[in-house]
Amino acid sequence: MNIEEWEEYRYVEAGLEDSIARIEDSSLKKMVEHVCHSGGKRIRPIILLLASEICSGSYSRSLDAALAVEMMHSASLIHDDLLDQGLIRRNLPSAPEKFGPSRALLCGDYLIAKSIAFISPYGEKVIRDFGKAGMDMAEGEVLDLRLDDDNFGESDYFKCIYRKTASLFAISASIGAYTGGADEALAERFSFFGNSLGTAYQIVDDILEFLEVVEGKESKFTSETLPHIYMRNMPKEEALEKSINSVRQHVSAAKETLGTFRACPARDKLFQITDYITVDMLENV
């Protein structure tokens, strides 16, 4: 699947290009360009646009919300690299490595502020959900610091990855639904889809890190992974299989929820994305 050929991807890219072009400070523009042009697949904003389309919305109405999500995500990557002392991300120097920690931090601050500007026209409910997701992401990173490793167990892990990763997937789907005209009950179903998908995605990322097959990323410090947690009580092979089964369960929940939405090409694309960032990544494991 070549997601770069999707019209949703090109739509998000054009919006990012326009936003970057409007940055007046050349130094800041250079940093934002580096962070936003480092090879991301734009999965979260694409999910938002597709959710909106399923609910009979338009891309023009949803684009600013999609850009808000992408900029919040980009800021979180900078902060993640600051916490983990990341050196390489997507085969390029991380923002802290290329520009220094202080400049990278300010770039992250700018992206968060810009994301707030993008989300502000969408009304109180959407703004509150977006802000809650940002707070969840920060709380997740705090949990991930694991001040007491011995007490960081399975329940802590899932609480951490919901906040750190799945929360942004969840609001990408639910905000997309809202911009498409969905009521709160339907938006909640989209949120559940996003939460399930984001959880599966993070476990897959952990499995690949556990197996040391992650490409294009290098950090001095790494997060606790689900297989490592399971290995405290079982052999490596069982820990790996249990982690893979967890991925399958969350993917199944995501797809089951997707099946309740209106059948249309946008829903078909969400099914494709669900496999693309989860089970397809585990084909050779």
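The entries below follow the order in which I looked things up in this predicted model.

**Entry 1, helix α7.** I began with the length of α7, which runs over residues 124-144. At 1.5 Å a residue its 21 residues should span 30 Å, and I found the end C-alpha atoms 30 Å apart, so the two values agree. I then listed the residues of α7 that are buried, and they are Val126, Asp129, Phe130, Ala133, Asp136, Met137, Gly140, Glu141 and Asp144. Looking down the axis of α7, I saw these buried residues fall within an arc of 135 degrees, so they line one face of the helix. On the other side of α7 I noted Glu124, Arg128, Met135 and Val142, which are exposed. When I asked what the buried residues of α7 pack against, I found α4 (59-84), α6 (101-119) and α8 (154-179).

I turned next to α2 (residues 26-36), which packs with α6 at an angle of about 80 degrees, their axes being 10 Å apart. Angles from 65 to 115 degrees count as roughly perpendicular, and α2 and α6 are therefore roughly perpendicular to each other. From α2, the residues in this contact are Ser27, Leu28, Met31, Val32, Val35 and Cys36, while α6 brings Arg103, Ala104, Cys107, Tyr110 and Leu111.

Cysteine 264 is in no disulfide, since its nearest cysteine sulfur, that of cysteine 55, is 8.8 Å away. I also noted that cysteine 264 is buried, with a relative accessible area of 10%, and that cysteine 160 is buried, at 2%.

Definitions and conventions. Residues are numbered from 1 along each chain as its sequence is written. This is a predicted model: local features need pLDDT of at least 70, side-chain atom pairs count only at pLDDT 80 or more; totals for chains, interfaces and linings use all residues. Side-chain values use heavy atoms; hydrogens and water are left out. Helices (H or I, at least four residues) and strands (E, at least two) are DSSP runs, numbered from the N terminus. The expected span of a helix is 1.5 Å times one less than its number of residues. Buried means under 20% relative accessible area, exposed over 50%, partly exposed in between (1.4 Å probe, protein chains only). The arc is that of the directions from the helix axis to the C-beta atoms. Contact means heavy atoms within 4.5 Å. A disulfide is a pair of cysteine sulfur atoms within 2.5 Å. Axes are lines fitted to C-alpha atoms, for helices over the stretch in contact, and angles run from 0 to 180 degrees between N-to-C directions. Angles under 35 degrees count as roughly parallel, over 145 as roughly antiparallel, 65 to 115 as roughly perpendicular and the rest as oblique.
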